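Welcome! Have a look at the structure below, and then let us work through some exercises together.

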Amino acid sequence: MPTTAPASTPLAKRLRPNYLRVRLGAHGSEICRLHNTLEGLLAIQETRFLYHLAKDAKTVVEIGSFRGKSCVLMLEGAKAHGNTDVRITCIDPHEPTHFGAFKDEDHDAFENTVRAHGFSDRVDHKRMYSHDAVGEWHGSPIDVLWVDGDHSYEGAKADFVDWASFVSPGGVIAAHDTYRERFPGVLEAWNETIGADDSFGETQRCRTIAWAIRTSNGGVTSS
Ligand SMILES: C[S@@+](CC[C@H](N)C(=O)[O-])C[C@H]1O[C@@H](n2cnc3c(N)ncnc32)[C@H](O)[C@@H]1O
């Protein structure tokens, strides 16, 4: 695969890959490579965010896995940081929902992607809706909760309400597509729940991702 654009490409576009690698900082080349090869809809800055998100995590829950991009990014990043303990529970029914025409092929693509990256033993896939999966959750504190499932107001709010209490002190909740222009319901749900919850620190942003750290006076603690 060529690493430089042909000379006929405008200069700004030719310089862009190198510019990006430098701007992305540590692991920039690998982040670019994964961003370009994994199927999914993330801005490059969001790819970098996810790559570093689970670097110290043991227990990660992902709501909305689609074809495995965010899952593999978190696992590749954890591995690059020397984290060999991380496990991800990935929840996705992989069927059409009111939010999108998701399908069976997404399930196969998800499994193939995870397998191709050698992470099958790190992933516990629950092919179900998040509101059903929460009833089965064993109650372990969650270090990273990544929410990217139902993008309606009601669906996103249910995910924040159902799952956020499991985020451990020092743990992180992050939600994709929390922006007014396309997904006002997700943003509203975030603001009414995590944004208004004193046991979480101030909301931070990375492009369309909103995230917050659970402060020490909240969350589920280990017994
Ligand atoms: C935007 S995609 C997720 C993209 C993925 N996080 C990535 O970055 O590659 C949304 C996914 O959420 C799933 N989904 C929708 N409603 C859900 C729910 N209630 N629980 C779990 N997953 C859900 C859909 O099947 C779809 O695969």
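A crossing of two helices is called left-handed if the near helix is turned anticlockwise from the far one by less than a right angle, and right-handed if clockwise. Helices are DSSP runs (H or I, at least four residues), numbered from the N terminus. This is a predicted model, where local features need pLDDT of at least 70 and side-chain atom pairs pLDDT 80 or more, while totals for chains, interfaces and linings use all residues. Residues are numbered from 1 along each chain as its sequence is written, and side-chain values use heavy atoms, with hydrogens and water left out.

**Exercise 1.** Describe how helix α2 packs with α4.

Step 1: α2 (residues 28-37) and α4 have axes 11 Å apart, at an angle of about 160°. Axes are lines fitted to C-alpha atoms over the stretch in contact, and angles run from 0 to 180 degrees between N-to-C directions.
Step 2: That angle makes α2 roughly antiparallel to α4 (the term covers angles over 145 degrees).
Step 3: The crossing of α2 and α4 is right-handed.

**Exercise 2.** Find the handedness of the crossing of α3 and α4.

Step 1: Locate α3 at residues 44-53 and α4 at residues 69-80; their axes come within 6 Å and cross at roughly 55°.
Step 2: The crossing of these two, α3 and α4, is right-handed.

**Exercise 3.** Which polar contacts (pairs of N or O atoms within 3.5 Å) does the ligand make with G64, S70 and D148?

Step 1: Start with the backbone: an N or O atom of G64 lies 2.9 Å from a ligand nitrogen.
Step 2: Turn to side chains: a polar atom of S70 is 2.9 Å from a nitrogen of the ligand, and an N or O atom of D148 is 2.8 Å from a ligand nitrogen.

How values were computed:
Polar contact = N/O pair within 3.5 Å; in protein donor to acceptor, adjacent residues only side chain to side chain. Parallel < 35°, antiparallel > 145°, perpendicular 65-115°, else oblique.
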